[in-house]
Every structure is written in C-alpha cells, then in structure tokens.
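I opened the model to look up one residue and its surroundings, then the overall fold. My notes follow in the order of the look-ups.

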Amino acid sequence: MTTAVTQQHCAKAQKTHKPQVQDNVVIPEYRITHGEEAYEIEVELPGVSENNLNLQLEDRWLILKATPELLAEEGFEPVHSEFGHARFEVGFKVSTAINSAEIKAVLKDGILNLSLPKAKEFQRQNIAVTTG
C-alpha cells in the first residue's frame with residue numbers, strides 16, 4: 001500500500017519525526033495522521049509567525065519554509081542563547097489521491113496544522129446493494 005503523503009523520512013501514513021539540523025536548516029518535528037476524509041500534518045514551528053512562513057505546492061510537493069523570530073524581552077539583551085539562526089524546511093510528496101485545491105493550513109501557538117483532504121474517488125464509500 002502506498003500513502004498519499006510521504007516525506008524523505010516518512011514512509012507510512014502515521015509517523016512522528018524528530019527535528020534534524022544541517023547547515024542551519026532544521027527539519028521540524030511533525031506528525032502525519034490518516035483519517036477517512038483527509039490526511040492531517042501537524043508541524044512544530046516555535047517562534048514562527050504567519051509573515052515568516054512560506055507554504056507552496058509545486059509538482060506534487062508541499063514545501064514548507066519558515067524562519068523563527070528571535071525576540072528579546074523589552075529592556076533586556078540576551079547574555080547566552082542556545083538558539084541559532086536556523087530556519088525550518090521540510091517537503092512532503094503529495095499523491096493524486098489528495099484534493100490539492102482544498103488543502104488548508106492554520107498556524108496557532110507555534111503549531112502548523114495542515115489538512116489534506118482526499119479526492120472524492122479515494123474516500124470510503126458505502127455501496128447500496130439491491131435485490132434482483
């Protein structure tokens with residue numbers, strides 16, 4: 001069985017991924033779940049605002065790029081920080097089983113929730129049976 005949403009580190013429809021860092025690019029922590037009508041992707045993007053988030057669908061790839069804002073409290077300057085100036089990037093391959101025109105994205109409290117609805121022909125349907 002192939003899944004409708006895959007990523008380089010994600011082979012199944014339900015998967016949790018831990019962050020990885022390479023060259024100041026972080027693959028953020030995410031979780032993909034599968035429901036009857038849609039796939040849901042939850043991505044942790046701490047410090048990211050809507051203005052610093054770019055989400056594009058191109059050639060069946062859903063590409064996410066984001067840069068967190070490093071904010072200091074007013075009147076204070078950081079003495080030490082373990083947060084670098086990394087940016088978040090991740091890509092998900094989206095199959096034709098997804099209705100790409102209906103993809104929704106909501107960013108709230110550092111969590112991006114993506115809803116990727118299945119195309120009608122790939123949703124579970126009950127078939128009526130009649131007699132003779």
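This is a predicted model: local features need pLDDT of at least 70, side-chain atom pairs count only at pLDDT 80 or more; totals for chains, interfaces and linings use all residues.

Entry 1, a serine. I looked up Ser95 and found it partly exposed, with a relative accessible area of 24%; buried means under 20% relative accessible area, exposed over 50%, and partly exposed in between, with a 1.4 Å probe and protein chains only. Ser95 is in the loop between β9 and β10 (104–108). I noted that strands (E, at least two residues) and helices (H or I, at least four) are DSSP runs, numbered from the N terminus. A polar atom of the Ser95 side chain lies 3.0 Å from the backbone nitrogen of Ala97. I also checked Trp61, which is 34 residues from Ser95 along the chain, and the two C-alpha atoms are separated by 8.7 Å.

Residues are numbered from 1 along each chain as its sequence is written, and side-chain values use heavy atoms, with hydrogens and water left out.

The mean pLDDT (the predictor's confidence in each residue, from 0 to 100) is 81, and 78% of the residues reach 70 or more. Over residues 7–15 the pLDDT is below 50, and this stretch has 25 contacts in the model beyond near neighbours in sequence; a contact means heavy atoms within 4.5 Å.

I found eleven strands and zero helices. Of the 132 residues, 30% count as buried. Among contacts between residues at least 6 apart in sequence, 50% join residues at least 24 apart.

Strand β7 (residues 53–58) runs antiparallel to β8, and six bridges join them; two strands pair if DSSP finds at least two bridges between them. Leu53 has Ala66 in β8 as its bridge partner. Two residues lie between β7 and β8 in this hairpin, and Asp59 in the turn has a positive phi of about 50°.

Which residues touch the most other members of the largest nonpolar core? Of its 21 residues, they are Tyr30, Ile41, Val43, Leu45, Leu64, Phe92 and Leu116. Such a core is a set of buried Ala, Val, Leu, Ile, Met, Phe, Trp, Tyr and Cys residues joined through side-chain atoms within 4.5 Å. The elements giving two or more residues to this core include β5 (30–34), β8 (61–66) and β9 (87–94). β9 gives the largest share, four residues.

Terms used
A polar contact is a pair of N or O atoms within 3.5 Å; within protein, one must be able to donate a hydrogen and the other to accept it, and residues adjacent in sequence count only if both atoms are side-chain atoms.
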